[in-house]
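User: I would like to learn how to read confidence, charge pairs and strand pairing in a model of this kind. Could you take me through the features one at a time?

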Amino acid sequence: MHTFPLLLQIAIKPNMSGILVFACLLLELLVISISFFRGSSYHVGCLETERRALLRFKQNLQDPSNRLASWTGDGDCCTWAGVACGNVTGHILELNLRNPSTSNPRSMLVGKVNPALLDLKHLSYLDLSSNDFQGVQIPRFIGSMRNLRYLNLSDTQFVGMIPPQLGNLSNLQFLDLSSNYLYVDNVWWLSGLSFLEHLDLRSVNLSKASDWLMATNTLPSLLQLRLSNCSLHHFPTLATANFSSLTVLDLSNNQLDNSFIPSWVFGLSRLFFLDLGFNNLQGPIPGGLQNLTSLKHLDLDSNHFNSSIPDWLYKFSPLEYLNLRNNCLQGTISDALGNLTSVSWIDLSFNIGLQGRIPRSMANFCNLKSVNLRDVHLGQEISEILDIFAGCVSNRLESLVLRSSSISGHLTDHLAQFKNLVTLNLANNSIVGPIPESLGQLSTLRELQIYDNKLNGTLSEIHFANLTKLSWFRVGGNKLTLRVKHDWIPPFQLVALGFHNCYVGSQFPRWLHSQKHLQFLNLLHSGISDIFPIRFLKSSSQLKFLDLGLNQFYGQISNLTEVSQLLFLSVNSNNMSGPLPLISSNLVYLDFSNNSFSGSISHFLCYRINETKSLKGLRLVDNSLQGEIPDCWMSYQNLKILKLSNNKFTGNLPNSLGSITSLVWLYLRKNKLSGKIPISLKNCTALASLDVSENEFVGNIPTWFGEGFSRMVVLILRSNQFHGPLPKTICDLAFLQILDLADNNLSGGIPKCISNLTGMVTVKSFTRTVVVQYLPFPLDIDVIITEEAFVVSKGEVVQYREILPLVSLLDISRNNFSGEILSEVTNLKALQSINFSFNTFTGRIPESIGTMRALESVDFSVNQLSGEIPQSMSSLTFLNHLNLSNNNLTGKIPLSTQLQSFNASSFAGNDLCGAPLPKNCNENVPIPEDENGDEDEDGVDYWLYVSTALGFVVGFWCFIGPLIFNRRWRHKYCHFLDRLGERNNLASVVRKCC
């Protein structure tokens, strides 16, 4: 401040005008300096070249939400949205164009990255994240912006290879390229980023980058490394990690093929965030993790760890986040869990070997916000659990998930203390009694799921009084009754309502018309008897899932094409009538089964025939539909489930059925369909279940079944007019577990390759479900359909659902099969039911049948089987149905607890003896048959007769001869008989003899 006047005095003499100009400049510089050091917002304004560069950059962008509305005219570009300049120089230092609302597509900038950014030579911060750059590569010129310290291109729709030129950004400290469609062959270019502290390459394909660990090991300043979902299939070893200051390591979702965590991870002593979830890590939880004493976040979700929870883990007092979900953990939850007093988020769910009670010590978890113990066997009463959490925990707890945790007892008024509870999931337990009215005080509650318990009682308006934020309400599978006023208007707006198997009243709930955000509605078996709610359906603009099955809805539905948002609709087992309605092409699953729909289905299927349909599941069984099945299946390429059973369809199957290559289940039983199975069906290679029983199909069983249906598990062709031999290619159906060919005109023998049906050798327990649709957030659920099949077993038609994967059956009864029952059949050791009745099989029952230990039902009746019942059948301890009647079986029925328990009718029409038959077997053991057959049997009889005659002659003359030729012996013998006769009144007889 003192030098300025002095300079003015010295310089004023030579040139007064020049000095005045110099003084003004110096004064301005001084003012700028003072403003800078005082934190003033003063700046000199942006440079013209940089302003023009921004305008050129804008020209290549679409901006639907006008985020760049300020980027116009000749104004100061330093004041434009997302732009920050240096106060002294006016150079643009930061460009932050991150999408502020990722859930709103309209707020994205769309277009290309203009090279005009190169004119921003002082730019150190560039954030273009969550915009849409339309599937182009990351521009190479970005590698020339050498002053960049921060670069964020995440979630920008960039594709292709990451340009190695990014390795020229030697000043870079932050790099985020995550959530794009990028890949690399190697990442050695990272070694040029020696100042890098934050590296995020999530979802970049690094499967070819075997150098990823060596490259990152050259970054000594690295603090955060995020490589989630990068297709890293190997967890490499490393002698020493140079990035020893690392605090965050995320390698989740890579399916690493190692079974262990390498030791270099255990040396990262400053690590406070470790995520190794969704990999293939196995064995016990490694003890080396206990070296990471700074850990606050530990995520081992969805691996294969199979130990108990180690004791050292309970000593991690700084731990705030613990996720051991979906492993194979076992043992008991220790009371030492209470030592983790800092924890706010704990998830031990989906560890079905884990058990124990929630310890009382968890009452001290005053920071606890979320607990998930789903599928952990707690064996505890809900009242005790709520009491444990009723103290300081209740002040902060936001989520409590105890689904399928073996919980019992009554809900109590402790519920009212959880003032911040957002999610409460107690589904699939054994909780009893009423729901307390204090539920209505949980004003923050958004998700309540207590379905499939043993609750009863009434839900009234009081229960919902303050639930203004409730969006998920699923209480089905209980014995609850909803009793509210007819004109009740709820305080909430639901997204999902599940009330299945509960009672909502005889009329469709009127208050549902007020729910404008409803996406999921399940009123299955809820006691409604009303006209179908078509007005509600058309007004619910967000409804995606609607299940009204097992009620008494009636009336006709004319048109559903306007309900384009609906994906799942089930109205099964009601009283609907009339023709089928037209449907939207967006519908994914439709179930109109067990109603009274009638007429043709041509208009229904062939509507907008050139428009690809989204339909994946169609069930129209048990109606009165008739006519031919139309040839309009070309538009149904997504169809996986087609069930048209028990209607009145006639005619041949259309060839276009073969165009549904995604078909998994095809059920056409109990119609009047005829003709041959079209060869076009060979294209349906995904087919796992085919039932065309009780129709009028003709011809041979196609030989291409074995080639085309390699995934077949259920094949039911019974009660048709198929003829000819059983093709050997049937043996190629290796996965087959149910084969029913009964009641046809098939002939010939059983092929020896029958033992190739390995699905009947060992039960594979295939999951018989089809995911027909994923309903995205906020529902976030899969719509899963479980297969059902009608199977004839033990003489009765049985409908199997959940246990269908466990059923294995072979039925070829009521045909013209002949020959012997091959021993190869007994290799099918997983069979539970075998029926060969009403054929002309000959020979013996295979002796090795006793090895088929899974058998529950055997029917060989009405054949021409001979010989004895194999002794090994006494080993069939699961046998509860047996019919061997009307054959040529002989001998004794083997003794066993099972065989003697059957009715005598099971053995009738044979030459058998022994229990349970009234015929007793002889004491004498019969002479066994000679191996030489009938000729030897005749030889045995001949010598028997000869020896008998010879014995008689020799015996007669040895005794009678001396009496005839020796008089003295004859008189002695007569006197002996005379004395004997006096005592026995036989005198007359003796005298005649003498």
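Analyst: What follows takes each feature in turn, with the general idea before the case.

Analyst: This is a predicted model, in which local features need pLDDT of at least 70 and side-chain atom pairs count only at pLDDT 80 or more, whereas totals for chains, interfaces and linings use all residues. Residues are numbered from 1 along each chain as its sequence is written, and side-chain values use heavy atoms, with hydrogens and water left out.

User: What is the average pLDDT of the protein chain, and over which residues does pLDDT stay under 50?

Analyst: pLDDT is the predictor's confidence in each residue, on a scale from 0 to 100. Where it is low, the predicted coordinates should not be read in detail. Here the protein chain averages 88, and 87% of the residues score at least 70. The value stays under 50 over residues 1-42, which have 16 contacts beyond four places in sequence, a contact being heavy atoms within 4.5 Å. It also stays under 50 over residues 974-994, for which the model has eight contacts beyond four places in sequence.

User: How many salt bridges are counted, and which residue forms one with R718?

Analyst: A salt bridge is a side-chain nitrogen of Lys or Arg within 4 Å of a carboxyl oxygen of Asp or Glu, and by this rule the count comes to 18. R718 forms one with D740, the closest N and O atoms being 2.8 Å apart. This pair links distant parts of the chain, with R718 in the loop between β49 (714-716) and β50 (721-725) and D740 in strand β51 (residues 738-740), 22 residues apart. Strands (E, at least two residues) and helices (H or I, at least four) are DSSP runs, numbered from the N terminus.

User: Are R718 and D740 buried or exposed?

Analyst: Buried means under 20% relative accessible area and exposed over 50%, with partly exposed in between (1.4 Å probe, protein chains only). R718 counts as buried because its relative accessibility is 14%, and D740 is buried because its relative accessible area is 2%. In another salt bridge, the side chains of E707 and K682 meet at 3.6 Å, N to O. There E707 counts as exposed, at 57% relative accessibility, and K682 as partly exposed, at 28%.

User: Which side chain of opposite charge is nearest to D63?

Analyst: In assigning charge, Lys and Arg count as positive and Asp and Glu as negative, while His and the chain ends are not counted. D63 is buried yet has no salt bridge, and the nearest side chain of opposite charge, R67, is 5.3 Å away. A polar contact is a pair of N or O atoms within 3.5 Å; within protein, one must be able to donate a hydrogen and the other to accept it, and residues adjacent in sequence count only if both atoms are side-chain atoms. The side chain of D63 reaches the backbone nitrogen of R67 at 2.8 Å and the backbone nitrogen of L68 at 2.7 Å.
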